[in-house]
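Subject: Structure handover

Hello,

Here is the structure for you to look at. My notes follow below it.

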Amino acid sequence: MKSITILCLNVLLGFALAAGAYAVQGQTDAGGGAGQPSSPTGKADSPAQPAPGPIINPRTAGHTETIEGELLRIDGGFYVVKDLTGREVSLKVDKDTKIDGNIVPHDQIVAHATALKTKHTESGAWHADAIKKR
């Protein structure tokens, strides 16, 4: 009975040491001690969770939209479209863009486009993934 108690205490001590070592890994020099937040947001970091990746705003890289409107002109590798709200949108067209049919200026089109950077959504420049007549 005594050996079982000692064995259980050794197992618990092993778990406590492992948890303590793991908790030390999550602390930073900026003050990650117990009860002190170690992040600028005021929240204490949890060593049990992986470090967060970059925060992705829905209006940044990878954001897709369907753009509908009239094709005003083709300027080199860009299709300029007047969308349904009246703003001009530039669609970058390249070898990866799937174009259905012969699309010419003044056609009504539907384009599936991806924003490459935040500035593209603000300035109206997108990469066209697919374009077809409406």
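Start with valine 110, which is buried at a relative accessible area of 12%. Buried means under 20% relative accessible area, exposed means over 50%, and partly exposed is in between (1.4 Å probe, protein chains only). Valine 110 sits in strand 5, residues 108-114. Leaving out residues up to four places away in sequence, valine 110 touches Thr66, Ile67, Glu68, Ala130, Ile131, Lys132 and Arg134. A contact here is heavy atoms within 4.5 Å.

Two notes on the source. This is a predicted model, in which local features need pLDDT of at least 70 and side-chain atom pairs count only at pLDDT 80 or more, while totals for chains, interfaces and linings use all residues. Residues are numbered from 1 along each chain as its sequence is written, and side-chain values use heavy atoms, with hydrogens and water left out.

Overall picture

The chain has two helices and six strands. Their order from the N terminus is α-β-β-β-β-β-α-β. Helices (H or I, at least four residues) and strands (E, at least two) are DSSP runs, numbered from the N terminus. Of the 134 residues, 25% are buried. Among contacts with a separation of 6 or more, 53% join residues 24 or more positions apart.

Salt bridges

The whole structure holds six salt bridges. The rule is a side-chain nitrogen of Lys or Arg within 4 Å of a carboxyl oxygen of Asp or Glu.

One of them pairs glutamate 68 with arginine 134, at 3.5 Å from N to O. Glutamate 68 lies in strand 1 (residues 64-75) and arginine 134 in the segment after strand 6 (125-133), so the pair ties together parts that are 66 residues apart in sequence. Glutamate 68 is partly exposed, at 28% relative accessible area.

Another joins glutamate 88 and arginine 73, with the closest N and O atoms 3.5 Å apart. This pair links distant parts of the chain: glutamate 88 is in strand 3, arginine 73 in strand 1, 15 residues apart. Both count as partly exposed: glutamate 88 at 46% relative accessibility, arginine 73 at 35%.

Aspartate 83 bridges to arginine 87, with the closest N and O atoms at 2.9 Å. Here aspartate 83 is buried, at 12%, whereas arginine 87 is partly exposed, at 33%. Elsewhere, salt bridges that share partners join Arg73, Asp75 and Glu88 into one network.

Threonine 97

Where is threonine 97 found? Threonine 97 is in the loop between strand 3 (88-92) and strand 4 (98-100). This residue is buried, with a relative accessible area of 9%. The threonine 97 side chain reaches the backbone oxygen of alanine 128 at 2.7 Å. Beyond four places in sequence, threonine 97 touches Lys92, His127, Ala128, Asp129, Ala130 and Ile131.

Rings

The charged end of lysine 92 sits over the ring of phenylalanine 78, 6.0 Å from the ring centre. That label needs NZ of Lys or CZ of Arg within 6 Å of the ring centre and within 35 degrees of the ring normal.

Best wishes

Notes: A polar contact is a pair of N or O atoms within 3.5 Å; within protein, one must be able to donate a hydrogen and the other to accept it, and residues adjacent in sequence count only if both atoms are side-chain atoms.
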